[in-house]
Structure formats: C-alpha cells, structure tokens
Amino acid sequence: MDMSFTPEQIEFRDEVRAWLGQAMPKTMQRKADNGGNFEQAEVMAWHRILAEKGWIAPTGPRSTAARAGT
C-alpha cells in the first residue's frame, strides 16, 4: 500500500503551515512550540482567527440552533 502524500496534499499542507506561521500570534506560537498551556482568552482569540479563515464554526449553523429550539 502506497501511503505517500499526493502533490495536492503536500501543497495543502504547505499552505496551512504558511498560514499558521503568519496568523498565529508570536506569543501563542512560542507557547505551542514549548507545549505551554493556553489561557481561556488565548483560546478564544485563536478561535476568532480560525473563524475568520472559515476553519471553525463555534456556534454551528443557525439552522441547527433553530431546530434545537434555542
């Protein structure tokens, strides 16, 4: 079985790594590199950054919330 990455997967990986390198605040990068613990405010700030990119949906689609009766 060939488990090597396709050129498209490698390109996507490189794109994500480049984006992370520029989008993550330097203080958070240092903590991540050193296995540090993040404060709740830092986690929320990171979630906002991911949401701007479209890579996280902290509240889910509005239709889901409407079906749940909230």
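Val43 is found in helix 3, where helices are DSSP runs of H or I with at least four residues, numbered from the N terminus. The structure is a predicted model, in which local features need pLDDT of at least 70 and side-chain atom pairs count only at pLDDT 80 or more, while totals for chains, interfaces and linings use all residues. Residues are numbered from 1 along each chain as its sequence is written, and side-chain values use heavy atoms, with hydrogens and water left out.

Val43 is partly exposed, at a relative accessible area of 33%; the class lies between buried (under 20%) and exposed (over 50%), with a 1.4 Å probe and protein chains only. Together with Phe38 and Met44, Val43 forms a nonpolar patch on the surface, with about 220 Å² of accessible area in total. Such patches join nonpolar side chains (Val, Leu, Ile, Met, Phe, Trp, Tyr) within 5 Å, from residues with over 30% relative accessible area and no salt bridge (a side-chain nitrogen of Lys or Arg within 4 Å of a carboxyl oxygen of Asp or Glu). Areas follow the Shrake-Rupley method with a 1.4 Å probe.

Gln29, in helix 2 (residues 26-33), is buried, with a relative accessible area of 18%.

Note on methods: Helix = DSSP H or I, 4+ residues; strand = E, 2+ residues; numbered from the N terminus. Patch = residues over 30% accessible without salt bridge, like charges linked within 9 Å, V, L, I, M, F, W, Y side chains within 5 Å.
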